[in-house]
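Colleague: I am new to this structure and would be grateful for a guided discussion. May I put some questions to you about it?

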Amino acid sequence: MEVKVIAGDIVNVKAGAIIVNFFEGMEQLDGDIAAVDKALDGAISQLISQNEIKGKLNEITLIHSLGKLPADRVIVSGLGKRQELSMNKVRGAVAETCRWLRQRGVYNIATVAQGAGVNGISLENAAQTVTEGAILGLYSFRRHMTKKDDEPVEIKQIIIAGNEEAKPLLEQGSTRGRILAEAVNLARDMVNEPSNYMTPTHMAEIAVKLAESYGLEVSVLDQDQMAELGMGALLGVARGSRQPPKFIILNYKGTDSAEIDIALVGKGITFDSGGISIKPSEGMGEMKGDMAGGAAVMAAISAIAQLKPEINVTAIIPATENMPDGNALKPGDILTAMNGKTIEIISTDAEGRLILADALSYAGKIGARSIIDVATLTGACMVALGRVCTGGLGNDQKLMDKVIAAGADAGELIWQLPMYDEFNEQLKSNVADIKNSGSRYGGTITGAKFLAEFVNNTPWVHLDIAGTSESEKERNYLIKGATGVPVRTLVSLILFLAK
Ligand code: BES
Ligand code: MN
Ligand code: ZN
């Protein structure tokens, strides 16, 4: 889908539908909606006075223009109370209206820079948000459906209309919105793809393609190279699978310095059966999405490569399946990680932290100045924070605050959990340096405490996306299935750090 910015008034745009906004409690129509109302001989003001249009957030009112306007239809889209408007609300409302129109076969849509000038939302940010809302909200995953006739019409183009002076700003914002939203949809595609397609090898192929498309440097380490580096924890998890593991590294260079400013590490378990500590069969299929962290960091660095900030970023994705097998890792086994620490395996289902242990050590070894890891690490995080917030834990409050702020910007909520030393108690082993799981209580924190053993003093934030990587239903700009969280947070953070 293309998003095109044009100079001109929305009243004069020929389209299947034009979308204008109304705020709850708005006394007087002004700007675009006033012009459209006038062209419609006051139809909008009449519906408002009859209380049919209230302006509640996500309210949609359809008015047929019956030849009074070049556009066939007018949609009055409610944005709630003006003083409570945020970019994220606009994103959601645009997504809902676009889906509503698609369902009715309207595929030619035009709108304005929704929200611009309200609560400090700039023209550029408004265009970015409208573009994101449309592309994110219209996402679908139909790749494996052979029946094409029930497919919704595809919306080919959305027009954003603004005045001549605004056009360059709107274009900049819209381009950024498209890059961000398409990166999110790439991550969603990877996560929605079942594990018989999305193998570690396929993840590596995608990384190579992204590198070619956007000028990133890529390397993919195979099993022998991992063994040479001493990645015993990752190889321990990979042992039960017929699929060869891959250790994927993508580099973005935005400065002349050789220093890596930030490493993005993403869990790439392409299927988590639990291994010998096998999971219950009900819902096991959802564990095809256990590479959501890996997908997110790959998508984020590909967006970064297009936006070209002055900063150096490396994405690191340890990718493997976690399977039971005659050769699989067993409870009681002891592994030696890349940093030399020994790990007693209590549960082979606590595999994410094992592969991340080696990936974090690797990030340290290549000298990354700061590290963010993203992982569907613990069911406990979903218990604690639901599907609403990502769990944030780390060793550096300054970096944490920036990550949380970037999340708020993107509308991807992050809630910080504590890292008190008392939690280390749970990970003490009688036979090795550390065990890979503690008790049932505080599982997200002990997961992060385990990871901290492989980080040293580098500023580091761990994002547990077990709850937020998938949505159970369609909700504003989210579709049932993969959400693509936290791609936009990561990109927004890196753009901020580069300033
Ligand atoms: N991939 C799972 C965590 C998960 C659960 C993600 C549900 C998304 C939805 C992870 O590998 C896992 O199995 N974690 C265990 C850890 C435990 C054995 C310490 C868990 O959460 O039960
Ligand atoms: Mn697991
Ligand atoms: Zn897992």
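Predicted model: local features only at pLDDT ≥ 70, side-chain atom pairs only at ≥ 80, totals over all residues.

Colleague: What is the arrangement around the zinc ion (ligand 3)?

Modeller: The zinc ion (ligand 3) is coordinated by K267 through NZ, D272 and D290 through OD, and E351 through OE, at 2.0 to 2.4 Å. Ideal angles for six octahedral donors are 90 or 180 degrees. Here the 6 donor atoms subtend angles of 78 to 175°, so the arrangement is octahedral.

Colleague: How many residues apart in sequence are the parts that D290 and E351 tie together?

Modeller: The donor residues of the zinc ion (ligand 3) are spaced K-x4-D-x17-D-x60-E. D290 lies in the loop between β10 and α9 (292–307), while E351 lies in the loop between β13 and α10, so the pair ties together parts of the sequence that are 61 residues apart. Both D290 and E351 are buried, and the separation asked for is 61 residues.

Colleague: Which residue coordinates both the manganese ion (ligand 2) and the zinc ion (ligand 3)?

Modeller: The two ions are 3.1 Å apart. The residue in question lies in strand β10 (residues 268–272), and it is paired with E351, 79 residues away.

Colleague: How much of the accessible area of ligand 1 does the protein cover?

Modeller: An oxygen atom of ligand 1 is 3.2 Å from an N or O atom in the side chain of K267, and one is 2.9 Å from such an atom of D272. An oxygen atom of ligand 1 is also 2.7 Å from a polar backbone atom of G379. Of the 520 Å² of accessible area that ligand 1 has on its own, the protein covers 76%.

Colleague: How many of the residues around ligand 1 are charged?

Modeller: Ligand 1 is surrounded by 16 residues, the closest being D272, K279, D349, E351 and G379. The shell contains 4 nonpolar and 5 polar residues. The number of charged residues is 7.

Colleague: Where is the residue P486 placed, and which residue does a cis peptide bond join to it?

Modeller: Most peptide bonds are trans. In this bond, omega is about 0°. P486 is in the loop between β20 (481–482) and α14 (487–498), and the residue joined to it is V485.

Colleague: Is N119 buried or partly exposed?

Modeller: N119 has a positive phi near 50°, and N51 has a positive phi near 70°. N119 sits in the loop between β5 (108–112) and α4 (123–137), whereas N51 sits in the loop between α2 (43–49) and β3 (60–64). The relative accessibility of N119 is 44%, so N119 counts as partly exposed.

Key
Residues numbered from 1 in each chain as written. Chains lettered and ligands numbered in written order. Heavy atoms only, no water. Donors = N, O, S within 2.8 Å, 3.2 Å for Na, K, Ca; no water. Helix = DSSP H or I, 4+ residues; strand = E, 2+ residues; numbered from the N terminus. Near = heavy atom within 4 Å. Polar contact = N/O pair within 3.5 Å; in protein donor to acceptor, adjacent residues only side chain to side chain. Areas by Shrake-Rupley, 256 points an atom, 1.4 Å probe, with all protein chains shown as cover. Nonpolar A, V, L, I, M, F, W, Y, C, P; charged D, E, K, R; others polar. Buried < 20%, exposed > 50% of the residue type's maximum accessible area, 1.4 Å probe, protein only. Tetrahedral: all angles 85-135°; square planar, octahedral: opposite > 155°, others 65-115°.
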